[in-house]
Every structure is written in C-alpha cells, then in structure tokens.
Amino acid sequence: MSNATSPLLQVIELSFAYPGRPIVEDWSQDLGPGITLLSAPDGAGSSTLLKLIGGALAPASGRLIAAGLDAAIDPQPYGRQVFAFDSELQAFRQQTALDYFDHVRSRHARREPGQWERHIAGFKLEPHLHKPMYMLSTGTRRKVGLTAALSVQVAVCLLDEPLAALDLPSIRHLAAALAEYAAAGGTAWLIASHEPLSDHLPVHATIEFTRIP
C-alpha cells in the first residue's frame, strides 16, 4: 500500500486508441488528495480516459496504480480502491436503487456511518429507492450514482460530468459534500467536465486534456 506521501493515483505512459482514432499516447500523471478537474472539449476523449482509469477499458500500454496497487497485477484490489460514477446504470435497469447500493457496498469500503442516508436525503431519493432503475428519470439515476460515489471510501473517485441533469438543490448538496471530503483528504477526485467548475467546486488542480491530432 502507499504511504502518506505517495500519489493516490499514478498514470504511467498510458496509451489507448479506437480504430483510426487515437485517444491518449504515453500520458503520465500523478494525482493526490482533493479535486482535480479534467478539462476537455467535447469529443476529446475524457470519458474514455476515465473508463481506462476505472477499469472499464483496457489500455494498449502503460500502467495504472491506485493506493499502491497496480491495475494489471492486482486488478481486484485495484478495483476496490477506484470508484467510477455511472450516470446511466444500464446494467441495473431491472434492479432498484437499493439493489445497486448493495452491489456497490459489496465492492467498496464505506465512509463513516450515516453517509448513505445523508446523501439519499440530500438528493431527495427516498421516494425512488424501491423503483426499478428503468422507471427513474435521467437526473434521478444520476443522483443514485452520485450517492454511491459520495458514500464509498476509496483512493480514487472518477466523476464524468457530475453536474449534468441535476437541479440546483442537488448541485448544492454535491458541491458541499465534495468540498467536505476534499478537505478531509484520503481521496483523489478526478472530475471530467466540458465547462469550468470553479463556481461550484473547490478545484485543487486542472488537467487540460486535448484530443490527439
């Protein structure tokens, strides 16, 4: 495991391309605690980059290390230390929000007691917990995913466009929670967005990510 001074996430010479479309080539980056904005124009591949770090896609080459765990050598322990916000939850369309939360809790450590209930209330999800996911609106499904992201204790949390389709009270709740957790340390929050987030979130660092020509 990593010591107190080690980066929570190390990306080492990462490369990936779709057929005829390179996304990232020999990219290296260290992330420590706090919020890092992955700023990218639409279509540059920031979502793909988060999928690579989160394990949903396999890189062509390079290494990914979270909390001292190498994704290639220790894929399951690595996966327990990295949470990727799922905005669609397509794999859980027939299941309820509570089923999804149980699935997440089986894979990742929890934050201190009461955080799940806090964020369920903050996003006003109580009326929707027993509904199958396909019955939920896009915004409500995103709130389900964000509740999980805020309630797990991981080294790296990946959020792709977290403010999209959220109402203002939910944006305020998300921003307050992220500010609190970022100040507490222990997690590297990598947030991909096509728009600036400084008006809503305490961004510690920014990575300008552009598509390979």
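**Helix packing and salt bridges, question by question**

Q: What makes the crossing of α5 and α6 left-handed?
A: The crossing of α5 and α6 is left-handed, a word used when the near helix is turned anticlockwise from the far one by less than a right angle (clockwise would be right-handed). Keep in mind that this is a predicted model, where local features need pLDDT of at least 70, side-chain atom pairs count only at pLDDT 80 or more, and totals for chains, interfaces and linings use all residues. Residues are numbered from 1 along each chain as its sequence is written, and side-chain values use heavy atoms, with hydrogens and water left out.

Q: Why is α5 called roughly parallel to α6?
A: The two helices pack at about 15°, with axes 11 Å apart. Angles under 35 degrees count as roughly parallel, over 145 as roughly antiparallel, 65 to 115 as roughly perpendicular and the rest as oblique. That puts α5 in the roughly parallel class relative to α6. The axes are lines fitted to C-alpha atoms over the stretch in contact, and angles run from 0 to 180 degrees between N-to-C directions. Helices are DSSP runs (H or I, at least four residues), as are strands (E, at least two), numbered from the N terminus.

Q: Which residues make the contact between α5 and α6?
A: From α5 come K143, L146 and L150, and from α6 come S170, L174, A177, L178 and Y181; contact here means heavy atoms within 4.5 Å. They split into 6 nonpolar, 1 polar and 1 charged. In that tally Ala, Val, Leu, Ile, Met, Phe, Trp, Tyr, Cys and Pro are nonpolar, Asp, Glu, Lys and Arg are charged, and the others, Gly among them, are polar.

Q: How do you know that α4 is roughly antiparallel to α6?
A: The axes of α4 (residues 115-122) and α6 (residues 168-184) come within 10 Å and cross at roughly 150°. That angle makes α4 roughly antiparallel to α6. The contact involves Q115, R118, H119 and G122 of α4 with H173, A177, E180 and Y181 of α6, and these divide into 2 nonpolar, 4 polar and 2 charged.

Q: What makes E180 and R118 a salt bridge?
A: Their side chains meet at 2.7 Å, N to O, and the rule asks for a side-chain nitrogen of Lys or Arg within 4 Å of a carboxyl oxygen of Asp or Glu. This pair spans 62 residues, linking E180 in α6 to R118 in α4. The whole structure has 5 salt bridges.

Q: Why does the pair E88 and R141 count as tying together separate parts of the chain?
A: The closest N and O atoms of E88 and R141 are 3.5 Å apart. E88 sits in the loop between β6 (82-84) and α3 (97-107) and R141 in helix α5 (residues 138-151), so the bridge joins parts that are 53 residues apart in sequence.

Q: Why is R141 called buried but E88 partly exposed?
A: Buried means under 20% relative accessible area, exposed over 50% and partly exposed in between, using a 1.4 Å probe and protein chains only. R141, at 10%, is therefore buried, while E88, at 33%, is partly exposed.

Q: How do you know whether K124 and E161 are buried or exposed?
A: Apply that scale again: K124 has 57% and is exposed, whereas E161 has 18% and is buried. K124 lies in the loop between α4 and α5, and E161 in the loop between β9 and α6.
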